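Please keep the coordinates open while reading.

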Amino acid sequence: MSRRHREMNSGVARHAFRPVLGALPLAVAIACAGIAQAIPQPGVTDPGASSPGSEHALSPRQPGTTVTPPAPQAEYAVPENHRPIPVETDPAPAINWQELHAPEPITPVEPIAPPPRTVRIGEFVTPAPDELPDEILNPVNDAAAQTEAVISTGLQSVGINPSRSDKIAAATAGGAVLGAAIVGIPSAIGGAVGGGLIGAGVGAGIGAGIGVAIVAGTAVAAGVPTGGLGAAIAAPAAVPIIGGGALIGAGVGAAVGAGLGAVVIGVPAAVLGGVAGGAAGGFLGGAF
């Protein structure tokens, strides 16, 4: 075959395959768009991402960030508009203070969905006890995840890397829980003990008074003269009534006093501990 014929055949082949080659990017984009994936984070990959035959959608870019790797694959069902717990394979980039700017509109960060029967409040993750029903577990997890997502969104809007933003948000939420528990629980216990003792004393006095009133009323109904009420109250038969009233009053007073003491002292302490723990967690999340 002459050189001229070979060139003509080559040109015809190029023209014939040009539409096919031009359609390849569109086909790839359509195929990738059809794969359901959670929104990924920069610097986060899935351990199974390199397995043969696995498919991953390309993750979107955010202004001022590098190209994101494939989304992590969760071993559990992730609800719509949520993402799985991130798997950190590389250290999150440090905060570049010179690149920070005023908040800019960005796509809100999706909340993280923990595996079933798992308590997750930021970095605090633990299996849910059997006594904790889903009706309580799920709202707690959802509220914590939404708060964490809001924190991460705010940090990304000022130019902090998504991986670092997620880390700070998780550390802040987890630190708040630990701080509230460390400070609030002992304070609540102390308040309950103190309030219970005070309530028991007050309740015993009120209960004994009610017992005296019952004895006096019974004596009057029985025709005992007013001057003999003291003797009726002091009579051995009145002891069970007055003593029983005192015991009942002490029990009720102790319960009420313990509850009030725990709330009055424990709740403010837990709030302060949560604020301090959240601040400490956010600082550590930004530093490490």
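Strand 1 and strand 2 form a hairpin with 2 residues between them, and Gly-122 in the turn has a positive phi of about 65°. Helices and strands are taken here as DSSP runs, numbered from the N terminus, where a helix is H or I over at least four residues and a strand is E over at least two. The model is predicted, so local features need pLDDT of at least 70 and side-chain atom pairs count only at pLDDT 80 or more, while totals for chains, interfaces and linings use all residues. Residues are numbered from 1 along each chain as its sequence is written, and side-chain values use heavy atoms, with hydrogens and water left out.

**Overall architecture**

- The chain holds 5 helices and 2 strands, which follow one another along the sequence in the pattern α-β-β-α-α-α-α.
- Of the 288 residues in the chain, 31% are buried, where buried means under 20% relative accessible area, exposed means over 50%, and partly exposed lies in between (1.4 Å probe, protein chains only).
- Among contacts between residues at least 6 apart in sequence, 72% join residues at least 24 apart, a contact being heavy atoms within 4.5 Å.

**The strand pair**

- Strand 1 (residues 118–121) and strand 2 (residues 124–127) pair in the antiparallel sense over 4 bridges; pairing requires that DSSP finds at least two bridges between two strands.
- Within this pairing, Arg-120 has Val-125 in strand 2 as its bridge partner.
- Strand 1 is covered on both faces, with Thr-118 and Arg-120 buried on one side and Val-119 and Ile-121 buried on the other.

**Salt bridges**

- The whole structure contains 3 salt bridges, each defined by a side-chain nitrogen of Lys or Arg within 4 Å of a carboxyl oxygen of Asp or Glu.
- One of them joins the side chains of Asp-166 and Arg-83 at 2.8 Å, N to O. Because Asp-166 lies in helix 3 (residues 162–221) and Arg-83 in the loop between helix 1 (3–33) and strand 1, this pair ties together parts that are 83 residues apart in sequence. Both Asp-166 and Arg-83 are buried.
- Another joins the side chains of Arg-117 and Asp-134 at 2.6 Å, N to O. This pair links distant parts of the chain, with Arg-117 in the loop between helix 1 and strand 1 and Asp-134 in helix 2 (residues 134–157), 17 residues apart. Arg-117 is partly exposed at a relative accessible area of 30%, and Asp-134 is partly exposed at 36%.
- A further salt bridge brings together the side chains of Arg-120 and Glu-148 at 2.7 Å, N to O. Arg-120 lies in strand 1 and Glu-148 in helix 2, so the pair ties together parts that are 28 residues apart in sequence. Arg-120 is buried, with a relative accessible area of 6%, and Glu-148 is buried at 4%.

- Ser-152 is placed in helix 2 and counts as buried because its relative accessibility is 0%. Leaving aside residues up to four places away in sequence, Ser-152 touches Val-109, Ser-165, Asp-166 and Ala-169.
- Gly-282 lies in helix 5 and counts as buried at 16% relative accessibility. With residues up to four places away in sequence left out, Gly-282 touches Ile-168, Ala-171 and Thr-172.
- The C-alpha atoms of Gly-282 and Lys-167 are separated by 8.4 Å, although these residues are 115 apart along the chain.

**Surface**

- The chain exposes about 17000 Å², of which carbon and sulfur atoms supply 71%; accessible areas come from the Shrake-Rupley method with a 1.4 Å probe, and for residues only the protein chains shown count as cover.
- A nonpolar surface patch of about 920 Å² includes Ile-248, Leu-260, Val-264 and Val-275 among its residues. Patches are made of residues with over 30% relative accessible area and no salt bridge, like charges being joined within 9 Å and nonpolar side chains (Val, Leu, Ile, Met, Phe, Trp, Tyr) within 5 Å.
- Val-264 belongs to helix 5 (residues 239–287) and counts as exposed, at 57% relative accessibility.

**Confidence**

- The mean pLDDT of the chain is 77, and 74% of its residues reach 70 or more; pLDDT is the predictor's confidence in each residue, from 0 to 100.
- Over residues 1–61 pLDDT stays under 50, and the model has 66 contacts beyond four places in sequence for these residues. Where pLDDT is low, the predicted coordinates should not be read in detail.
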